[in-house]
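The following questions and answers concern one structure, which is shown below.

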Amino acid sequence: MMLSVVTAVYNAESIVDTLVDELIKHITPVFDSFEIILVDDFSLDNSWEKIETLSERFPVVKGIKLSRNFGQHYALTAGLDHAKGDWVVVMDCDLQDHPSEIPKMYAIANQGYHMVVASRQNRKDSFDKRFFSYLFWKVLSYFTDSKINGTVANFGIYHRKVINAICSMREQNRFFPTMINWVGFKRGTMMVEHNKRHSGKSNYTMKKLLKLATDIILVNSDKVVMLFVKLGLVIFLLSIAVGVFYLVQKILDRTTVLGFTSIMISVWVLGGLIIFILGIIGLYIGKVFEGVKGRPVYIIEKTSNTA
């Protein structure tokens, strides 16, 4: 039985040594054969040099360097495409999800599950990150009409069947948790203690989270368009009611000269609403355009110890 561990690395030169040491320490007693795939998402520090050194020191460490910064979930895709294990662990590289949990998840998976995901308890992130993360998952759950557990992220152990299904999905916009939800299979959950970040800080800014949420919603849901269809219907019905009102006023000879203010408010409100709705439709068309171009999900610049 072989295990693959896949993690995306970005500006983590101070972490990868400890990460690899901890992984080897906790995996070796359980698995006779394993590999650790570190995917460098075009880091700006010396992360790739560290990965190359580790791959020379440990034959189980394999490095992949992308040609530019594609994003965490694209880097994970590159790692999953190269993973050979019967079971695959996906995790972040910051050690907030600790490698010591992997044998526990594997023990639960052997009870008949195709995957076991980690539910993070007592998160050690800052208040603003926890708040925006909570808001992110709530909005995502609403627009995708699915129950998404905000305590579950990437960390988990997945059977080869699950990974093959994920790898078969080649859409341009990728987000691992929603892809896992979509493929199905029997799923278990294990509570894990969330650790403090080993060093550095998260690369997910509010701007990046907002863009990520927008991309995921547009790709996985047409609910935004349906909401505006309903809004348009409400405005149409209101306009009929207003039209009937003024027709009655005309019949009863109670017509008054309409004021400039009311006309301008109506024009600006309806004009702004139309432009906004057209913008939403344009975003959907843009995502379709990205998909039909058929570009690769990622591009590899170089590898280390992957032959």
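Q: How many of the eight residues of helix α6 (residues 160–167) are buried?
A: This is a predicted model, in which local features need pLDDT of at least 70, side-chain atom pairs count only at pLDDT 80 or more, and totals for chains, interfaces and linings use all residues. Residues are numbered from 1 along each chain as its sequence is written, and side-chain values use heavy atoms, with hydrogens and water left out. Buried means under 20% relative accessible area, exposed over 50%, and partly exposed in between (1.4 Å probe, protein chains only). Helix α6 is mostly covered, and its buried residues, among them Arg160 and Cys167, number six.

Q: Which residues of helix α3 (residues 72–82) are buried?
A: Helices (H or I, at least four residues) and strands (E, at least two) are DSSP runs, numbered from the N terminus. Helix α3 is mostly covered, with nine of its eleven residues buried. They are Gln72, His73, Tyr74, Ala75, Leu76, Thr77, Ala78, Gly79 and Leu80.

Q: What share of the 307 residues of the protein chain counts as buried?
A: The protein chain contains ten helices and eight strands. Across its 307 residues, the buried share is 44%.

Q: At roughly what angle do the axes of helix α1 (residues 16–27) and helix α2 (residues 47–57) cross?
A: Axes are lines fitted to C-alpha atoms, for helices over the stretch in contact, and angles run from 0 to 180 degrees between N-to-C directions. Angles under 35 degrees count as roughly parallel, over 145 as roughly antiparallel, 65 to 115 as roughly perpendicular and the rest as oblique; α1 and α2 are therefore roughly parallel to each other. Their axes come within 10 Å and cross at roughly 30°.

Q: How many residues of the contact of α1 with α2 are charged?
A: Ala, Val, Leu, Ile, Met, Phe, Trp, Tyr, Cys and Pro count as nonpolar, Asp, Glu, Lys and Arg as charged, and the others, Gly among them, as polar. The contact holds three nonpolar residues and no polar ones, while the charged residues number four.

Q: How many residues apart in sequence are the parts tied together by the pair of Phe31 and Tyr106?
A: Rings of Phe, Tyr and Trp (its six-membered ring) pair if their centres lie within 6.5 Å; planes under 30 degrees apart count as stacked, over 60 as edge-to-face and the rest as tilted. Phe31 and Tyr106 form a tilted pair, at 4.5 Å centre to centre and 50° between the planes, and both are buried. Phe31 lies in the loop between α1 and β2 (33–40) and Tyr106 in helix α4 (residues 102–109), so the parts tied together are separated by 75 residues.

Q: What is the angle between the planes of Tyr158 and Phe176?
A: Tyr158 lies in strand β6 (residues 152–159) and Phe176 in helix α7 (residues 176–183), 18 residues apart. Both are buried. Their aromatic pair is edge-to-face, with 5.3 Å centre to centre and an angle of 85°.

Q: What is the relative accessibility of Asn11?
A: Asn11 is placed in the loop between β1 (2–9) and α1. Although not a glycine, Asn11 has a positive phi of about 50°. Asn11 counts as partly exposed, at 29%.
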